[in-house]
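Here is a short briefing to read alongside the sequence and the 3D view. Keep both open, and take the topics one at a time.

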Amino acid sequence: MSLRDVAVELAKLYCLNERGVAFSPRQSLSRWFKKVRQVKVINIKQKIQRALKLASLRIYRRADGFFVIGRLHKRKVDREALAALSPILEKRTEWSLNSDRLSTLLTGTASGKIWADIPGGHKWIDYFPIYDREFSEYRGKNTRILEIGVYKGASLRLWKKFFGDKSTVVGIDIDENCRSLGDAENGIQVRIGSQTDESFLNAVALEFGPFDIIIDDGSHAASHQIASFNILFHKALEENGTYFIEDLEGNYWGDKTGQLDQRVSTIDLLKTLIDAQNIVFEKHSYSYFFISGRTLKPSFSVPLISTMVERITFYTSVAVIKKTRKAPPLGYHL
Ligand SMILES: C[S@@+](CC[C@H](N)C(=O)[O-])C[C@H]1O[C@@H](n2cnc3c(N)ncnc32)[C@H](O)[C@@H]1O
């Protein structure tokens, strides 16, 4: 079998699923590759590397520790849309670093002040004013928080202090070592499983949910962020809940970090929510929504998500989706 044949085989086998195929670090690549029946095992590692290159595939390590053979994507900013900005707004400008902000962001925010005393965490410090703004209304109440991604437990402790004694903080992680970071007596729970595992997430929601706040700080892989959103937003989030996705920058680093592991990025999905909010206007114009209109319609056929998104707030690297039970648009002429 020639190298090209090997490449074609790989491409056929592993690109059928555009997310690629994941394998654990414990599986040796050669052993795993031997399973591809037709391939004779001579200089297997080199052969694989060259074949992958030929097939434009790569092996990368994902944040969940798994290796993936797949095609990596890179999110490209839509230059055509960017060009719709006026020349002055689009013009390249120098954006200077201001590291003096460190102390302001830590000491000038409630969440930052708490974070500063907790060892073992690393975060974009720009998140603290966002946490304060988006989460302050939940402080001191019986708030239920689900966080995907426990790591060393630093953010679980942040949330417990920030939201207060009456809150319940639930962290999930695929890493078994995180199990011991729970503190059930003090309202911090940890469960082990993947953010893409529907039955696991349903079980967590059944045990502790529905949640007022869901924070995705897990693997940051687009396919994972999207899978979790699809499972949790609908069933595990309270009607007026807040869904918070961190570290969207991974969508733009995708071909280096493996976080953009499919063509549709999380940013694409979030932009589509804007369309979902407005899709009812695609087929219905003005008079369908006006009480005085001749064609006022009692109901519309829209995707379920259109009835659930109150607002989407975008910050750098972060998106916040506020859930609601929404009625169709209504107009009235005075
Ligand atoms: C950025 S760290 C979380 C940091 C933590 N929230 C904090 O601020 O202290 C990401 C965590 O996500 C976990 N993770 C990776 N893939 C995951 C998956 N598929 N499901 C659940 N957790 C995952 C990793 O094991 C890691 O502990």
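The buried residues of helix α11 are covered by elements that include β4 (144-148), α10 (198-208), β7 (211-216), β8 (237-245) and α13 (266-278). This is a predicted model, in which local features need pLDDT of at least 70 and side-chain atom pairs count only at pLDDT 80 or more, while totals for chains, interfaces and linings use all residues. Residues are numbered from 1 along each chain as its sequence is written.

**Helix α11**
- The buried residues of α11 are A222, S223, H224, Q225, S228, F229 and L232; buried means that 20 or more other C-beta atoms, placed from the backbone, lie within 10 Å of the residue's own, with 12 or fewer for exposed and partly exposed in between.
- Helix α11 runs over residues 222-235, and its 14 residues reach 20 Å from first C-alpha to last, close to the 20 Å expected at 1.5 Å a residue (the expected span is 1.5 Å times one less than the number of residues).
- A kink of about 25 degrees is centred on F229, the bend being the angle between axes fitted to the seven residues ending there and the seven starting there.

**The nonpolar core**
- The largest nonpolar core holds 39 residues, and I145, I213 and I214 have the most contacts inside it; such a core is a set of buried Ala, Val, Leu, Ile, Met, Phe, Trp, Tyr and Cys residues joined through C-beta atoms within 7 Å.
- Leaving out residues up to four places away in sequence, I214 touches L146, L232, A236, L237, G241, Y243 and F244 (contact means C-beta atoms, placed from the backbone, within 7 Å).
- F135, in helix α8 (residues 127-135), touches F162 and I213 beyond four places in sequence.
- F135 counts as buried because 22 other C-beta atoms lie within 10 Å.

**The loop at I305**
- I305 sits in the loop between α14 (280-283) and β9 (309-315).
- I305 is partly exposed because it has 18 C-beta neighbours inside 10 Å.
- Beyond four places in sequence, I305 touches L273 and A276.

**Whole chain and confidence**
- The protein chain has 14 helices and 10 strands, taken as DSSP runs (H or I, at least four residues, for helices; E, at least two, for strands) numbered from the N terminus.
- Of its 334 residues, 31% count as buried.
- The average pLDDT is 85, and 78% of the residues score at least 70; pLDDT is the predictor's confidence in each residue, from 0 to 100.
- Over residues 37-42, pLDDT stays under 50.
- Where pLDDT is low, the predicted coordinates should not be read in detail.

Definitions and conventions. Contact = placed C-beta atoms within 7 Å.
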